[in-house]
Amino acid sequence: MLRILSKLPKNKFKLIENVVTQKRYIRGLPRQKEVLRILPNQNGEQPDEVEMARKELAELTGGMDLEQLKQMLKPSKAGTKLALTLKQKNQQQEVQHSVEEKLPLQPTYNLAAYVNKSELLQGFIKLGVDLSSFEKRKGLPEFVLKLDLEKDVHPRLLFLQDQGVAAEHFGELITKNPLIFKVELDDMQTRVNYLESKKFTKKQIQRILTLNPYWIMFSTRRVDKRLGYFQKEFALSGDDVRFLSSKQPRLITYNMQHIQDATFCIREEMGFNKEEIKVLLLSKPRLWMLKPDDLVERFAYAHQEMKLSHEMLLQQPEILASREFRLRERHEFLKMLGRAQYDPQKDMYISPKIMVEGNNFHFVRKIAKSDMETFELFLKSR
């Protein structure tokens, strides 16, 4: 090779040197276009420049032609889509972080963490108060932690005790309504005085305050308005009002719209007349706190499937207080045994009231006179 090069003229030697230099340059910068000086072949003909370019490209790219190089460099749709998705996700995360930084931190309370340091909370636990119930209601943890045991709690508990509320009920009472410690003692006394002025007995007042912790929070004007509504709507006497208030104290402070809806349901959809509604109210006032739709469903099954008349339902309203699926389950089992007989004038009479009382074992053994294995097989076959 050296001998051949030494025989070349000086100008042609420089030409070859230039070609080598350009080739090395192209290897370093493959994307940059360079004009190559081409040596003539042995016949003196000028080589095909396109063919030479292809050879150079193949050498630089490891044997690839122009089309293969284009396909390799062309961006795929999947890659483009992935890049756009990642970009959108990053933008969403930036927006979310920006919003979270602007939102104020919400305080969270776990009252159990304060028990060791709080004499008040320790006292509540001893009374049987469920502290976790406060955490589920907004603002209550803060209110409870600010209470003073001597100034806020003891005086009100002593007041309730003076009205006959037993200390064993304090835990449940506070759990249901810790806001009772927000009521002024003078207001509490005024509300008890009102009941006394309406001839409520001490036993009735004791029952009202024990069973309905919210009653003491209602002003005398509100309570008077509620009692007036029940007296007028259901034609109750003074004794009837006092009896109803002590039998089911929660009803008096219950949602008025719900009570009106229940009354409409019992009168219009279930077909009880005014006098019957009064009897039903005084015997089973809890019916007015049930969902009207559930009440109609129970009545429909008892009246249409079990063939219980309005009169029988008035005598045994517990049927309407029992869930429909339980009525259906027990009635069908008695029917299978041939014992679904609810007419007191006939043999093998079964009281509908007793039928819905107790657990399944009691019902099967005492009422249906059967065994649990038979009852369980019946339930599986339904």
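This is a predicted model: local features need pLDDT of at least 70, side-chain atom pairs count only at pLDDT 80 or more; totals for chains, interfaces and linings use all residues.
Residues are numbered from 1 along each chain as its sequence is written, and side-chain values use heavy atoms, with hydrogens and water left out.

View A. Lysine 278 and aspartate 240 form a salt bridge at 3.7 Å, N to O (a side-chain nitrogen of Lys or Arg within 4 Å of a carboxyl oxygen of Asp or Glu). Lysine 278 belongs to α17 (residues 274-283) and aspartate 240 to α14, so the pair ties together parts 38 residues apart in sequence. Helices are DSSP runs (H or I, at least four residues), numbered from the N terminus. The whole structure has seven salt bridges.

View B. Arginine 242 and aspartate 239 meet at 2.7 Å, N to O, in a salt bridge. Both lie in α14 (residues 238-247), three residues apart, about one turn of the helix. Arginine 242 is buried at 17% relative accessible area, whereas aspartate 239 is exposed at 54%.

View C. Glutamate 172 and lysine 176 are joined by a salt bridge of 3.1 Å, N to O. The two residues sit four apart in α10 (residues 170-176), about one turn of the helix. Glutamate 172 is partly exposed at 47% relative accessible area, and lysine 176 is partly exposed at 36%.

**View D. Packing of helices α11 and α12.** Helix α11 (residues 185-197) packs on helix α12 (residues 202-211) at about 135 degrees, with axes 10 Å apart. Axes are lines fitted to C-alpha atoms over the stretch in contact, and angles run from 0 to 180 degrees between N-to-C directions. Val192, Leu195 and Glu196 of α11 make the contact with Lys202, Ile205, Ile208 and Leu209 of α12 (heavy atoms within 4.5 Å).

**View E. Loop residues with positive phi.** Lysine 307, not a glycine, has a positive phi of about 60 degrees and is placed in the loop between α18 and α19 (310-315). Lysine 307 is exposed, with a relative accessible area of 63%. Methionine 348 has a positive phi near 60 degrees and lies in the loop between α21 and α22 (352-355).

Methods:
Buried means under 20% relative accessible area, exposed over 50%, partly exposed in between (1.4 Å probe, protein chains only).
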